[in-house]
Amino acid sequence: MEKIVALCKRRGFIFQSSEIYGGLNGAWDYGPLGVELKRNLKDYWWKSMTQLRDDIVGFDGSILMNAAVWKASGHVDTFSDPLVECMLTKKRYRADQIEPQSGTVYYFSGISVPASVSDPSTTNMPPLGGADIFKFSAEPKKIEIPFAVLVPKGKPDASAHKIARQFYVSRGYVESQMSLDLEKSEPVENSTAFNPENGAQLSEPRVFNLMLKTYIGPVQDESAVTYLRPETAQAMFVQFKNVLDVSQKKLPFGIAQIGKAFRNEINPRNFTFRSREFEQMELEFFVKPGTGPEWLNTWLEERLAWYEAIGIPRAKIHVLTVPDKDRAFYSQGTYDLEYEFPFGIQELEGIAHRGNYDLKQHQEASGKPLEYFDEESKTKYLAEVVEPSAGVDRTVLALLCEGYAEETVKDEESGKEETRVVLRFSPRMAPIKASVFPLLKNKPELVAIAKDIYKTLQPLLKVTYADTAAIGRRYRRADEIGTPFGITVDFETLEGAKEASTSATGTPIAVGQKDTVTLRHRDSMKQERIAIADIPAYLLSKIS
Ligand code: GAP
């Protein structure tokens, strides 16, 4: 993962947001190559949903919505995670993400301090220290602040005392004046009540709403509160009637949207995987009552095939049937598609059967009918919804992880062994589709033809031109950013092919045939010839 993060920065895929100010946790910026990769991904999702199907229409809702939407949707009351706080460091964690630990727990009832020491929480006076303590002869005073520390198996017991001392110091007591009051110690198995980083006791979980609050207009009172949307979905439910009327679709039909969503995640982590600002690609697929479960399975298959088409093999995706207790509050059944990230098998996309939960909630709260009139049965009903909801940033990360490879190869010119870093993106996803190179920079005939090819390709797809450094180095740089094709204008372009061959397009190339170039393939590093005139059609066929 570290290598991928480093490559992302070095070659301009992803930067930390606000980097020069120390960054902002949970926010990321996409650089010149990252934005191309992300755009290719979104474009392909958009095309798959809205262009290649007749039953889905596109939509682009606002990020800010009337706060009543979030009340009715259930997000104000229920969109939360359990939060715990380390009693020593005050760092916050999601309670359900604490790794269970086994070991010995040391329970301290508090500390004993000289009678003269006042409670630091009730006085502004600094605690007494140094020689002052000898001025008073009264019995030591017991300060009852219970605290516990878990020492994992195999670690020295003394660490419990060290952590406990740090805890009481953090509460304002002077270390040299205190003695710990150990109450008892006992073994525990699989406890999630202690911080895995230091063993300190965690607070009781409390409910933490994940929505990012904001104010609309100049007066910052409760009536001005709304939220940055935590999912793009709600605007599609709220506008269901309008979209249905204008598109004149019949059930089953879907509304697709790509857009930003915001969640005040307790612990953003694993690079872009869990961010506070991220993008979703969401489809709300409205179906007849009772047909939700069937459509849930249909969409599972559709989505698995889609990931395959962007270069994430079926074998790397795990389908999790989310257990009842873990499902979102709106769901009657959910599949999570999980990818084998280097940091573990984690969710890429959730496919949920939301029933008629959302339409019903909004119909009731707004008082506006959101029912569908079925021409065939002449009845009105609320549609059910199946929702495949994918994360753009997580899929970009999966593409980077899936594509990243290091290989020992022979340098194509010197024959020396070296390490090649390559991003094996599918041509469809690759930020740059091809790089055009003149073999030598100082040969005007080669440069002129290469520039000509580059200019011809530029309006059709994302290509680059490079003439500095040896050709081997230029190939390596292109490999590292995942460019699938190299097009090199060389002396055979001018003088004619040295030997007969079959071009990349399958047509024969005769000895002496001019106007051909070297086509180099990123993954196999194989080189073949192709006629200049055939390049545009060849490349387009690889990315459509
Ligand atoms: N409308 C349904 C919904 O929002 P979700 O499972 O909470 O469902 C859908 O989110 C997808 O959005 C996830 O599978 C994930 O890819 C992406 N996502 C959710 N939270 C994210 C976060 N904090 N950072 C990055 N992506 C996130």
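In which strand is Asn190 found? Asn190 is in strand 9, residues 179–191. Helices here are DSSP runs of H or I with at least four residues, strands are runs of E with at least two, and both are numbered from the N terminus.

Before going on, a word on the source. This is a predicted model, where local features need pLDDT of at least 70, side-chain atom pairs count only at pLDDT 80 or more, and totals for chains, interfaces and linings use all residues. Residues are numbered from 1 along each chain as its sequence is written, and side-chain values use heavy atoms, with hydrogens and water left out.

Back to the backbone. Asn190 is not a glycine, yet its phi is positive, about 50°. The peptide bond from Leu251 to Pro252 is cis, with omega near -5°. Pro252 belongs to the loop between helix 7 (240–247) and strand 13 (253–262). As background, most residues other than glycine have a negative phi, and most peptide bonds are trans.

Now the largest pocket. On a 1 Å grid over the protein atoms alone, a pocket is an open set of points with protein on both sides within 12 Å along at least five of seven lines, while a cavity is a set where a 1.4 Å probe fits but cannot get out; lining residues have an atom within 4 Å of a point. Points are joined across faces, edges and corners, and a volume is the space filled by probe spheres set on them. The largest pocket has a volume of about 1,400 Å³. It is lined by 49 residues, and Arg94, Arg263, Arg274, Asp336 and Glu347 are the closest to its centre. Strand 17 gives the most to this lining, eight residues. By class, the lining has 15 nonpolar, 14 polar and 20 charged residues. In that count Ala, Val, Leu, Ile, Met, Phe, Trp, Tyr, Cys and Pro are nonpolar, Asp, Glu, Lys and Arg are charged, and the others, Gly among them, are polar.

Where does the ligand sit? The ligand sits in the largest pocket, meaning that more than half of its atoms lie within 2 Å of the pocket's grid points. There are 20 residues around the ligand, and Glu231, Ser275, Glu282, Glu347 and Leu348 come nearest; a residue counts if one of its heavy atoms lies within 4 Å of the ligand. Strand 17 (344–355) is one of the elements that supply at least two residues of this shell, and strand 17 gives the most, with five. The shell has five nonpolar, five polar and ten charged residues.

Next, polar contacts, which here are pairs of N or O atoms within 3.5 Å. A polar side-chain atom of Glu231 is 2.5 Å from a nitrogen atom of the ligand, and one of Glu265 is 2.9 Å from a ligand nitrogen atom. For Gln280, a side-chain N or O atom is 3.0 Å from an oxygen atom of the ligand. Taken alone the ligand exposes 560 Å², of which the protein buries 92%, by the Shrake-Rupley method with a 1.4 Å probe.

Definitions and conventions:
A polar contact is a pair of N or O atoms within 3.5 Å; within protein, one must be able to donate a hydrogen and the other to accept it, and residues adjacent in sequence count only if both atoms are side-chain atoms.
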